[in-house]
Structures are given as C-alpha cells and as structure tokens.
Amino acid sequence: MKITYPIRCALITTTALLLLFFVTPAKAGGETSGNLLLRQFVSEFTPERMTMIIDEEPDATGYIRDIYLDLTGCVVGGVRMDTLRVRAMGVQMNPPGEWDKKGLEAREILNIHAFARILEKDLNDNLLSKEFGEDDHWNNIQVDMRPDGIYARGNYLVTVLFRLNILIEIFSRFKIVEMQQVWLHDYTLKVNKVNVPRFITDQAVEQIQPILDLRKFVFPLKLHSIVYGEDSLTIASRVLPEAFQGIVYEYAAGNGTVEIK
C-alpha cells in the first residue's frame, strides 16, 4: 500500500510526540520530576545535607531506573543518623502527580543497597532519652559504645518512705530482625550492681524494642551487618551502595535545591 504524503506526515508527527512523551522528564507544577522527588525525600527525612543522583529523570509512571541517595544528619524512625547512603535500581514508584498528596510509595524494587551510621551521642539523645527521658524519674542516662556491644546506664528516682536513686545498667548487643529492625540482644540488666532475674529483664527490655525500626522507610531495606565503633554504630546491607555518574541534585538545609548537570 502506498503511503501518501499527508499520512506520512501524520505518522512522523505521532512518532515524534510518543518519543517526546517517553524521553522528556516528567514535570509537575513546572518543575522536573527529579526536583519533586528530592523535595519528597527532604520532607521525609529532614536531612541537614543531601545528594541525590539519578541516571535519568523519573518518567510519568514514577519509574526510576537507578538512584543514589547520600544524606547527612537525617531522621529515620525517630532516630538521627549521621550518615545514610542508599542505592536502588529498578524502582517503580507511584506517579509523580501523587507525590505531593500521597507521598512516595515504592511499589517494586529490583535491588537495593544501604549503609547507615549512628553516633553514640545520637543514641544518647534520641534513643534512650526518647524512651526514658519523658519520665521525670530518670536522670543521668548515658550510652557507651564498646567493641563487643553497647553499655547503657541511668538513675531512677523512687520515693516510697524515702527517696532512692537506683542505678540501672544494661549491657547488650544488637541483632537485625527481619532485615529491617534492630533489637537489643543477649543483654544483662543490673540494679545497683546486682543482676536482675531474666524474666524481669525481658519485661523491662520489651518496652523499648525495637531500638530502630525501618519498616516504614520508603525503600524496603535489607540490612545484613552491625559493626560497633568507639563512638558510632554502623549497619549495612551485604553490598554497600556506590555513587555513579548521572543527574545530580543537592540540598542543604536553608539553601533549597541545586541541580548539577
């Protein structure tokens, strides 16, 4: 069948429009979908600084072929993380048009790697203080990182017939549960230097488990290892995330966003 000139022009125009739809970065409200994605991460994690690298802009369906995140001073699960790095591949998010109203939703991920570092100071401020600090009876709460685990202590003020300032100490290791939670494990509890029976210890520790819960993290992380340092704790997946060459978005608290091409 002979294709006439008008039909040929129509076919070329249709093909060009289809290519434009799939190649041009999706935009919402006049901004690229990459910038919109960065804003969602900033809102979710309130980082002090953040770098996001994508190999190409998310398309109109929310598909992201490759993404790398490097966050400093972010908050995940109520815990401040000094460093959080994530790389995810083959990510199908919900469409960009839904992000402002519904937030980010990872519907499918081919692969993901992660690394996080939590400072001893932040465990003091954000973990134990959060769990016990709202009770005015607690004071002098401290956390000490050690090569073989973590040591925590605090004083609890009890008033019966007279005032008692009881010293409570916990030595524990951490374990990863279901690849997304960090729990106290293999712990001992002492009150005024005396070991407490196991069933009482279990009841007390249950109140603060898990120490870290990442089940609501936008990407379903798969943690594998925990390493204790002198002043920090690191958790990571089996493979560490690595940056790559691509479209770079940067954020610094108070300075907005900057795109580097």
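**Close-up views of the aromatic residues and the nonpolar core**

In this predicted model, the count of aromatic pairs comes to 5.

**View 1. F41 and F219 form a tilted aromatic pair.** The ring centres of F41 and F219 are 6.0 Å apart, and the angle between their planes is 55°. The pair links distant parts of the chain, its two members being 178 residues apart. F41 belongs to helix 2 (residues 33-45), whereas F219 lies in the loop between strand 12 (212-213) and strand 13 (225-228). F41 has a relative accessibility of 1% and therefore counts as buried, the limit being under 20%. F219 is likewise buried, because its relative accessible area is 1%.

**View 2. F217 and F219 form an edge-to-face pair.** The centres of these two rings, F217 and F219, are 6.2 Å apart. Their planes meet at 70°, and the pair is edge-to-face because this angle is over 60 degrees. Both F217 and F219 are buried.

**View 3. Four phenylalanine rings form a cluster.** Ring pairs join F41, F45, F217 and F219. When neighbours within four places in sequence are left aside, F217 is in contact with F45, and also with V76, L84 and V86.

**View 4. The largest nonpolar core contains 57 residues.** The residues with the most contacts inside this core are F41, M52, I67, F217 and F219. Strand 5 (residues 79-93) contributes the largest share of the core, namely 7 residues.

Key. Residues are numbered from 1 along each chain as its sequence is written. This is a predicted model: local features need pLDDT of at least 70, side-chain atom pairs count only at pLDDT 80 or more; totals for chains, interfaces and linings use all residues. Side-chain values use heavy atoms; hydrogens and water are left out. A nonpolar core is a set of buried Ala, Val, Leu, Ile, Met, Phe, Trp, Tyr and Cys residues joined through side-chain atoms within 4.5 Å. Buried means under 20% relative accessible area, exposed over 50%, partly exposed in between (1.4 Å probe, protein chains only). Helices (H or I, at least four residues) and strands (E, at least two) are DSSP runs, numbered from the N terminus. Contact means heavy atoms within 4.5 Å. Rings of Phe, Tyr and Trp (its six-membered ring) pair if their centres lie within 6.5 Å; planes under 30 degrees apart count as stacked, over 60 as edge-to-face and the rest as tilted.
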